[in-house]
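Hi,

Here is the structure I promised to send over. Have a look at it first, and then read on for what turned up.

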Amino acid sequence: MTNFDFDLFVIGAGSGGVRAARIAASYGARVAVAEEYRVGGTCVIRGCVPKKLLVYASRFADEFEDAAGFGWTVSETFDWASLIRAKDKEISRLEAAYRATLQKFKVEVFAERATLLSANEVRLATSGRIVTAKTILVATGGHPNIDPKLPGVEHVITSNEAFNLKELPRRIVIAGGGYIAVEFASIFHGLGSEVTLIYRGDKFLRGFDEDLRDALAAAMTARGIRIINGQVFTKIAKTASGLAGTITGGETLEADQIMFAIGRSPNTKNLGLEALGVHLDPAGAVVVDNASQTTVPSIYAVGDVTNRVNLTPVAIREGHAFADTLFGKKPWMVDYTTIPTAVFSTPEIGTVGFTEQEARAQYSDVHIYKGSFRPMKAIMAGRDEKMLVKIVVEGATDRVVGVHVFGPDAAEIVQMAAVAVRMRACKADFDQTMALHPSAAEELVTLREKWIAPGEAAG
């Protein structure tokens with residue numbers, strides 16, 4: 001087959017798929033995209049964008065409370081329905097912008113599910129049309145996990161449904177210990193819900209720096225969020241007043257909503273991948289090489305469906321690299337080191353590079369610099385919460401290999417710190433940088449005293 005309908009057919013119009021389609025089309029490729037839901041994918045429609053809007057909403061309670069310390073008297077009222085309408089309006093605007101971008105680059109969009117028939121053919125589910133393409137890109141993302149064997153699991157919600165609840169739950173229990181779980185715990189608590197967070201492990205946010213994990217757990221507890229570690233649900237039942245969830249310790253947790261945020265899985269089911277010889281890993285993720293190519297040469301995959309690093313900017317970078325390499329003849333590969341990330345809990349976390357634990361496993365000599373302090377705004381407001389700033393340094397070279405911030409605007413601070421970490425800046429470079437005063441971020445360039453761990457010799 002040499003005459004194809006398209007040069008590139010993308011299955012999935014999320015961040016990675018749209019970026020790949022746009023860049024490929026800019027090089028003159030004939031491109032089509034199939035999307036069965038809404039253009040924009042998880043991040044724009046039911047993920048990081050609407051979540052951040054709800055995060056903003058949830059933090060106004062703090063602002064109103066803190067305002068008194070600055071001489072303001074504020075009357076507080078909140079309406080969940082108004083927030084959701086405003087969120088929906090913004091999501092619709094963003095979806096329209098994504099569609100306009102595809103239209104501008106003459107990318108044809110099929111509003112239906114697509115499955116693979118062969119290495120160069122896809123079937124469109126609604127119309128039944130078979131479309132051919134020289135190259136196929138799978139960018140179908142992932143979906144929230146639930147435990148299908150749990151009695152009463154049909155009563156739970158996931159992050160998908162949380163964005164469209166008819167009313168704010170008075171009581172909510174959230175199962176999970178990743179960033180989605182702790183973010184929604186902070187969101188609902190900030191909006192006025194009674195929140196319980198239950199996690200099977202001994203400490204949430206596995207993989208993050210231990211100081212950050214401890215600081216957030218303490219802050220959330222102090223705010224009134226109940227945290228239950230080392231337990232899971234054994235059954236969930238509907239009651240006259242809502243839901244009752246029994247956990248392994250025997251306690252029954254009563255709630256209006258029970259939300260599962262126990263991870264996500266790649267959307268590869270019933271796509272036709274395995275029948276064509278596309279290799280999937282045990283979790284169902286598409287296995288690809290460094291160029292995002294699968295075991296079938298004409299089929300590629302990017303984003304969460306590959307389960308490499310499941311972050312929107314990573315999917316965008318993978319889609320861009322794929323299109324530049326294949327259609328722009330500008331080959332490059334994504335660098336997965338020094339990826340900054342944030343947890344939009346309240347208080348929030350921003351982090352880039354190695355944790356202290358990872359650095360100590362990697363290097364024989366590690367220096368830690370950290371400081372904990374009350375931000376100026378918190379002092380005036382009478383709020384006891386502290387920020388934490390931590391720098392991880394490879395002792396032999398003085399190179400900064402990790403920066404971790406806990407507190408207000410942590411994500412904004414770490415985004416710029418990531419530039420320094422990627423450029424392999426040394427602690428001396430931080431020390432020689434003039435402080436921007438008064439700011440919380442200046443702590444990154446004013447930390448001078450090495451932290452000595454208990455039992456560690458100074459030197």
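**Aromatic pairs and a sheet**

At 8% relative accessibility, Phe233 counts as buried, because the cut-off for buried is under 20%. Before going further, please keep in mind that this is a predicted model.

Phe260 comes out at 5% relative accessibility, so it is buried as well.

Now for the rings in general. A pair of aromatic rings is described by how far apart the centres are and by the angle of the planes.

How many aromatic pairs does the structure hold? The count is eleven. One of them is Phe163 with Phe184, an edge-to-face pair with 5.4 Å centre to centre and 65° between the planes. Phe163 sits in the loop between helix H5 (159–162) and strand S8 (171–175), while Phe184 belongs to helix H6 (residues 179–191), so this pair ties together parts that are 21 residues apart in sequence. Both Phe163 and Phe184 are buried.

Back to Phe233, which forms a stacked pair with Phe260: 6.0 Å centre to centre, with 20° between the planes. Phe233 is in strand S11 (residues 233–239) and Phe260 in strand S14 (residues 257–260), so the pair ties together parts that are 27 residues apart in sequence.

There is also a cluster: ring pairs link Phe163 and Phe184 with Trp80 and Phe188.

Some rings have a lysine over the face. Lys370 is placed that way over Trp451, at 3.7 Å from the ring centre. Lys427 lies over the face of Tyr369, at 4.3 Å from the ring centre.

On to the sheet. Five strands make up an open sheet, with antiparallel pairing and the order S17-S18-S21-S20-S19. Which strands stand at the edges? They are S17 (341–343) and S19 (366–373); each has a single partner strand, so one side of each is left without a neighbour in the sheet. From one strand to the next, the twist averages 15°.

Within that sheet, take a look at S20 (residues 387–394) and S21 (residues 399–406), which run antiparallel and are joined by seven bridges.

Finally, helix H7 (residues 210–223) lies across S18 (349–353), S19, S20 and S21. Relative to S21, helix H7 runs at about 5°.

Cheers

Terms used: Residues are numbered from 1 along each chain as its sequence is written. This is a predicted model: local features need pLDDT of at least 70, side-chain atom pairs count only at pLDDT 80 or more; totals for chains, interfaces and linings use all residues. Side-chain values use heavy atoms; hydrogens and water are left out. Rings of Phe, Tyr and Trp (its six-membered ring) pair if their centres lie within 6.5 Å; planes under 30 degrees apart count as stacked, over 60 as edge-to-face and the rest as tilted. Helices (H or I, at least four residues) and strands (E, at least two) are DSSP runs, numbered from the N terminus. Buried means under 20% relative accessible area, exposed over 50%, partly exposed in between (1.4 Å probe, protein chains only). A charge sits over a ring if NZ of Lys or CZ of Arg is within 6 Å of the ring centre and within 35 degrees of the ring normal. Two strands pair if DSSP finds at least two bridges between them. Axes are lines fitted to C-alpha atoms, for helices over the stretch in contact, and angles run from 0 to 180 degrees between N-to-C directions. Contact means heavy atoms within 4.5 Å.
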